[in-house]
Amino acid sequence: MTAFGLAAVVGGMFAVGTFLLLRRDLVRVVWGVTVLSQAANVYLLTMGGIVLGMGETVPVLAHHGGEPPQTADPVVQALVLTAIVISFGMTAFALVLSLRVYEENGSLDLSKLEGDA
Amino acid sequence: MSTFVVAPILTALFTAVTALLLHRRTRLQTAASLAGTVAYAAAVGVLAWRVALAPDPVGATTYQVGGWPAPFGITLVADALAAFMLVMVATVGVASLVFSTRYVEAPEEKRFYHPLFHFLLVGVSGAFLTGDVFNLFVWFEVMLMASYVFVVFYGGPQHTRAALRYVALNLVGSALMLLAVGGLYATTGTLNMADMSRRLAEPAAYGISVEPVVGLSALLLSVFALKAGLVPFQFWVPSAYRAAPLPVTAMLAGATKKVGIYALVRLYFTVFAAAELPVSLPLPGVDGGSPLAFFAPALFLMAVASVVVGGFGAVDADSFEGVLAYSSIGQIGFIAIPVAIGAAASSPALRRLGVLAGLVYALNHALAKGTLFLTAAATRSAVGTSRLEDLGGLASRSPLLGSVFLVGALALVGIPPLSGFFGKFLAFDVAVRAEAAVAVAVLLLGTGLTIAYTTRAWNRAFWGQQSAAVGAADVDPVQAAVLVGLALTIVAVGVGFDPVYEFAEAAARAATDRGAYVDAVDPADVETGGESA
């Protein structure tokens with residue numbers, strides 16, 4: 001059930017991101033890129049799968065007795081943390097660029113930015 | 001475990017931070033930046049000497065970051081392929097930075113130019129040295145982040161527009177690369193390239209299935225093609241190359257584009273080639289085997305389209321750097337054609353020869369295009385413009401600039417005894433050996449187009465009556481010295497080609513010899529596999 005839920009969320013996020021990316025309004029394009037990279041992050045998390053935690057894989061569980069809870073793969077979480085930091089920086093940069101475009105053109109409409117770039 | 005592997009990255013990072021700290025004292029900063037570049041070149045030289053060039057080379061050497069053994073930690077791998085690419089980047093990098101000291105002169109421009117330049121070097125060196133797929137993504141981002149800022153460096157409206165296109169495309173590319181990396185991790189249960197290669201070779205022993213790798217590697221192909229600027233992912237190239245400061249464009253064309261090519265060669269030939277696929281598709285030229293069989297036709301089509309689009313675009317461009325920017329789309333096609341033929345080849349010898357030809361061509365392109373972009377930069381700083389219609393008679397005003405352009409252009413065309421001759425010769429050799437008539441025809445067409453656009457640029461800019469702007473132009477002596485140095489390098493590589501060939505052959509062997517790569521990294525055996533997803 002979780003798998004279907006996650007698959008639907010990832011698919012929905014990719015759809016929304018792609019839709020926004022193709023808009024004419026620059027801020028929506030930046031939003032689109034942001035949603036896309038978040039979709040990639042959620043996808044990364046699901047790629048780790050959910051496995052039963054054991055004393056060998058999660059050492060702290062060995063000393064705490066009882067039934068070890070289910071744990072997710074820590075590697076993908078480390079990957080997602082790195083990816084979040086990178087996409088944060090890139091979103092900030094893209095927003096600054098949008099501000100520049102607005103200052104220079106008085107508009108965020110991409111169809112009005114035509115010209116030899 | 002050797003620290004010389006990590007030295008190029010650390011040297012560039014240290015210089016970048018130092019230059020950033022010295023941003024208020026521009027003279028000191030420039031000195032530190034120059035010293036740092038020399039140190040970087042020395043570090044690369046030591047690495048290349050130890051790994052490949054010495055009479056008794058140690059071969060592929062690894063550095064386990066933080067002392068964590070592979071495949072748990074991040075592994076840096078210096079083999080002949082990485083060394084070859086690093087030497088290429090260091091050559092263009094030193095020339096471009098020395099040139100920049102006389103090109104970027106306003107203090108507020110200098111202030112961030114030098115730190116960014118070294119951050120670009122950090123990203124490029126990291127991408128060449130890493131042995132971890134996710135780490136490759138991180139180094140790509142480091143490299144891209146610096147190049148984004150370079151594209152908006154002059155801060156005019158056209159630079160913002162170019163950067164917008166470049167940034168949006170690359171952000172989508174990064175998301176795709178994350179998808180591919182995540183999928184590969186879920187499929188193979190590892191991020192370490194050597195471990196992945198080993199697992200793909202024996203899927204049954206690790207309980208993994210290899211079929212998803214074809215689709216995931218196709219995602220990676222599109223990401224790397226975007227970085228390399230292959231058609232149909234080329235449309236950011238002309239605007240970004242015209243917007244960035246020209247010495248940096250020499251680096252972008254000479255170094256960052258090659259990172260895309262390097263990543264293709266490394267991941268496909270060293271990692272994905274290990275997988276054996278049982279499926280067979282009713283497509284011409286695709287008959288199961290390894291994912292390389294699927295990769296080869298796709299890359300070949302992209303390369304052919306690049307040669308055509310780049311060639312015709314360059315014939316039509318209206319400025320000096322416009323010609324060069326379109327030309328570098330076409331030239332990346334020339335690099336990719338032998339690589340694609342090598343990927344399709346079933347014999348290991350031809351496969352190695354394909355990679356070898358691609359590498360030699362890449363070296364030639366880095367040197368020739370670096371020289372030509374710096375010639376365009378020297379023209380712009382001497383004349384004040386680089387629009388072909390405002391130029392004319394440059395060769396009579398400055399015979400030196402004319403001769404340097406001639407050497408770069410002839411190397412691009414492939415005239416002996418320059419470096420380009422061997423690049424072209426090996427590419428044709430591979431195409432003929434593989435009996436690929438289409439490839440030979442496209443290579444001939446591309447060469448014809450190269451002759452057409454270099455001749456056109458020569459006629460417009462260097463021959464004829466001196467225009468008013470050209471009449472008052474004087475070339476800066478430092479810039480001239482750098483240009484002469486690069487032109488002499490092109491001649492030297494062509495005349496003394498034997499050691500270069502041996503180096504490139506060692507690099508091609510390192511790219512195709514999976515066993516040696518896996519043995520060098522020697523990842524510990526882990527009892528997980530990818531079935532957890």
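**Ground rules.** I'm working with a predicted model, where local features need pLDDT of at least 70, side-chain atom pairs count only at pLDDT 80 or more, and totals for chains, interfaces and linings use all residues. Residues are numbered from 1 along each chain as its sequence is written, chains are lettered from A and ligands numbered from 1 in the order in which they are written, and side-chain values use heavy atoms, with hydrogens and water left out.

**Chain A overview.** I found 4 helices and 2 strands in chain A; these are DSSP runs numbered from the N terminus, helices being H or I of at least four residues and strands E of at least two. Along the sequence I read α-α-β-α-β-α. Of the 117 residues in chain A, 34% are buried (under 20% relative accessible area; exposed is over 50%, partly exposed in between, with a 1.4 Å probe and protein chains only). I also looked at contacts (heavy atoms within 4.5 Å): in chain A, among those between residues at least 6 apart in sequence, 52% join residues at least 24 apart.

**S87(A).** I picked this one out of helix α4 (residues 74-105) of chain A. Is S87(A) buried or exposed? Buried, with a relative accessible area of 12%. Its side chain reaches the backbone oxygen of I84(A) at 3.2 Å. Leaving out residues up to four places away in sequence, S87(A) touches S37(A) and Q38(A).

**T75(B).** T75(B) counts as buried, at 0% relative accessibility. I noted a side-chain polar contact with Q64(B) at 3.0 Å (a pair of N or O atoms within 3.5 Å; within protein, one must be able to donate a hydrogen and the other to accept it, and residues adjacent in sequence count only if both atoms are side-chain atoms). Another polar contact, of 3.2 Å, joins the side chains of T75(B) and N192(B). Not counting residues up to four places away in sequence, the residues T75(B) touches include L129(B), D132(B) and V521(B).

**α4(B) with α11(B).** I get an angle of about 15 degrees for helix α4 (residues 107-129) and helix α11 (residues 246-271) of chain B, with axes 10 Å apart. Axes are lines fitted to C-alpha atoms, for helices over the stretch in contact, and angles run from 0 to 180 degrees between N-to-C directions. That makes α4(B) roughly parallel to α11(B) (under 35 degrees; over 145 is roughly antiparallel, 65 to 115 roughly perpendicular, the rest oblique). By class, their contact has 13 nonpolar, 1 polar and 1 charged residues (Ala, Val, Leu, Ile, Met, Phe, Trp, Tyr, Cys and Pro are nonpolar, Asp, Glu, Lys and Arg charged, the others, Gly among them, polar).

**α9(B) with α12(B).** Helix α9 (residues 211-228) and helix α12 (residues 292-316) of chain B pack at about 25 degrees, axes 11 Å apart. They are therefore roughly parallel. I listed V214(B), L221(B) and A225(B) from α9(B) meeting F294(B), F295(B), A298(B), L299(B) and M302(B) from α12(B). That contact divides into 8 nonpolar, no polar and no charged residues.

**α14(B) with α20(B).** My last pair was helix α14 (residues 348-383) and helix α20 (residues 477-495) of chain B, whose axes come within 10 Å and cross at roughly 160 degrees. That makes α14(B) roughly antiparallel to α20(B).
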